[in-house]
Amino acid sequence: MNYQPDTKGFYGDFGGAFIPELLYPNVEFLRKHYLEIIGSESFQKEFNSLLQDFAGRPTPLYFAKRLSEKYNTNVFLKREDLNHTGAHKINNTIGQILLAQRLGKKRIIAETGAGQHGVATATVTALMGLQCVVYMGKVDMERQAPNVARMQMLGAEVRPALSGSQTLKDATNEAIRDWINHPEDTYYLIGSVVGPHPYPDMVARFQSVISEEMKQQLQEKTGRDYPDKIIACVGGGSNAAGAFYHYLDNKKVELIAVEAEGLGLKSGHTAATTQTGSEGIIHGSRTLLMQNEEGQITEPYSISAGLDYPGIGPLHAHLFKSGRGRFMGATDQEALNAAYELTRLEGIIPALESAHALAALGKIELTKDENVVVNLSGRGDKDLQAYIKNLSDFEKD
Ligand SMILES: *Cc1c(COP(=O)(O)O)cnc(C)c1O
């Protein structure tokens with residue numbers, strides 16, 4: 001079994017580049033150059049230096065003592081929440097902005113749903129002094145006004161997507177249209193392991209710093225460079241891809257991916273792609289997605305904006321279908337409970353997305369001699385309103 005994409009970008013049955021003809025030159029240009037550029041010594045030097053001094057890496061691997069006692073196992077938290085801008089997304093945007101620079105691009109476009117990727121993108125374009133346009137559904141702009149303000153403060157132009165349901169998939173369409181119209185000077189910066197090849201592979205490589213650090217940190221803390229289990233939440237799948245990356249071929253490590261079940265699998269308000277989706281094409285790649293019988297994408301729902309995506313990246317579709325990954329879900333309520341629990345046991349307020357990964361601890365069999373890493377993808381400051389709103393329910397229980 002091979003978990004790297006082939007030359008056409010396929011992970012088993014999934015991946016590839018299903019794009020309009022007009023986009024072909026852009027994507028082909030990127031495909032031809034990305035490996036050579038990323039692999040060069042000068043790129044690696046600048047990437048690593050920014051990860052360290054701008055993003056704040058390496059992030060700690062923290063042994064969560066009280067959480068471990070509660071679940072009768074050894075839980076380590078990979079603290080991606082301590083990155084600059086509060087999540088793992090900055091690893092990818094730093095990588096792609098350096099690539100865009102080396103490709104001679106002067107203008108950066110991106111789409112964003114909740115605004116997290118838009119903020120991470122606007123952050124690195126400010127850092128590099130590049131022009132930035134972020135497409136965002138009009139409805140999302142209203143729901144996520146603080147992130148719109150952040151992007152604007154960072155110097156980005158936020159353009160509302162007015163078509164369809166005025167959410168993420170409409171913003172994606174606008175971004176693709178923009179790229180087709182500006183092939184020369186513009187770089188399209190995608191925020192997860194999704195999109196046409198080479199994006200899923202490229203983003204996974206940039207996020208792989210997570211498991212690269214984990215290997216060394218586990219060696220120091222446990223005398224072994226791999227854990228028994230790694231748990232990560234999956235929206236598009238980039239933090240999970242980064243946390244799994246260096247263990248994909250190590251079968252001793254169980255890879256656990258947690259999707260957002262929202263209000264429940266049968267409620268019609270869910271974002272659990274592997275459990276409710278089917279094979280098809282979304283965002284330029286063949287993968288699993290949530291769609292109706294006519295192949296129309298169904299609107300996903302999750303309390304956490306970052307998991308509110310109707311597909312998963314092709315690597316994850318492959319991990320699911322091949323059985324290499326164990327996929328499960330957590331509901332809004334389970335995620336909220338896990339977030340309150342972590343806060344009270346460890347003094348860490350997690351992002352709602354990461355809380356889905358934490359919720360898995362209560363749903364799997366664990367033993368005392370096991371080492372489990374939970375990828376804490378982000379911090380919860382942005383979710384405080386949801387936490388405050390639901391806290392009284394938690395206190396009553
Ligand atoms: C965006 C986001 C996610 C989901 O994106 P992936 O590509 O699946 O990692 C998860 N956690 C946090 C904190 C996020 O901001």
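Colleague: Leaving out residues up to four places away in sequence, what does A204 touch?
Modeller: Keep in mind that this is a predicted model. A204 is found in helix α9. Once residues up to four places away in sequence are not counted, A204 touches V193, A241 and Y245.

Colleague: And is A204 buried or exposed?
Modeller: Buried means under 20% relative accessible area. A204 has a relative accessible area of 2%, so A204 is buried.

Colleague: How many of the nine residues of α9 are buried, and which are they?
Modeller: Eight of the nine are buried, so α9 is largely enclosed by the rest of the structure. The buried residues are Y199, P200, D201, M202, V203, A204, F206 and Q207.

Colleague: Where else does a cis peptide bond join an arginine and a proline?
Modeller: Look in the loop between α2 (41–55) and β3 (61–63), the place of P58. Omega there is about -5°, and the cis bond joins R57 and P58.

Colleague: How many Å separate the C-alpha atoms of A204 and L218?
Modeller: A204 belongs to helix α9, while L218 is one of the buried residues in α10. The two are 14 residues apart along the chain, and their C-alpha atoms are separated by 21 Å.

Colleague: What does α10 reach from its first C-alpha to its last?
Modeller: Helix α10 covers residues 209–222, which is 14 residues. At 1.5 Å a residue the expected value is 20 Å, and α10 comes close to that with 19 Å.

Colleague: What do the buried residues of α13 pack against?
Modeller: Helix α13 spans residues 314–322, and its buried residues are P314, L315, H316, A317, H318 and L319. These pack against β1 (10–11), β2 (14–15), α9 (199–207), α11 (238–244), β12 (285–289) and β13 (325–331).

Colleague: What about phi of the glycine just after α13?
Modeller: The residue just after α13 is G323. Its phi is positive, at about 85°.

Colleague: Which residues other than glycine have a positive phi?
Modeller: One case is in the loop between β4 (74–79) and α4 (89–102), where phi is near 70°. Another is in the loop between β7 (157–161) and α8 (168–181), with a phi of about 60°. Among such residues, then, are T85 and Q166.

Colleague: Does T85 count as buried, exposed or partly exposed, and why?
Modeller: The partly exposed class runs between the buried limit of 20% and the exposed limit of 50%. With a relative accessibility of 28%, T85 therefore counts as partly exposed.

Colleague: Where is A272, and what is A272 in contact with?
Modeller: A272 is in the loop between β10 (254–262) and α12 (273–276). At 0% relative accessibility it counts as buried. The C-alpha atoms of A272 and E261 are separated by 5.1 Å, though the two are 11 residues apart along the chain. Leaving aside neighbours within four places in sequence, A272 is in contact with E259, A260, E261, L265, G277 and M290.

Colleague: Zooming out, what is the radius of gyration of the protein?
Modeller: The protein has 16 helices and 14 strands, and its C-alpha atoms fill a box of roughly 55 × 45 × 40 Å along the principal axes. A compact globule with 397 residues would have a radius of gyration near 21 Å, which agrees with the protein's 20 Å.

Colleague: What share of the contacts with a separation of 6 or more is between residues 24 or more positions apart?
Modeller: As background, buried residues make up 59% of the 397 residues. Of the contacts with a separation of 6 or more, the share from residues 24 or more positions apart is 73%.

Colleague: How far apart do the centres of the positive and negative side chains lie?
Modeller: The protein has 40 positive and 48 negative side chains. The centres of the two sets lie apart by 2 Å.

Note on methods: Residues are numbered from 1 along each chain as its sequence is written. This is a predicted model: local features need pLDDT of at least 70, side-chain atom pairs count only at pLDDT 80 or more; totals for chains, interfaces and linings use all residues. Side-chain values use heavy atoms; hydrogens and water are left out. Helices (H or I, at least four residues) and strands (E, at least two) are DSSP runs, numbered from the N terminus. The radius of gyration is taken over C-alpha atoms; the globule rule is 2.2 Å times the number of residues to the power 0.38. Buried means under 20% relative accessible area, exposed over 50%, partly exposed in between (1.4 Å probe, protein chains only). Contact means heavy atoms within 4.5 Å. Lys and Arg count as positive and Asp and Glu as negative; His and the chain ends are not counted. The place of a charge is taken as NZ of Lys, CZ of Arg, CG of Asp or CD of Glu. The expected span of a helix is 1.5 Å times one less than its number of residues.
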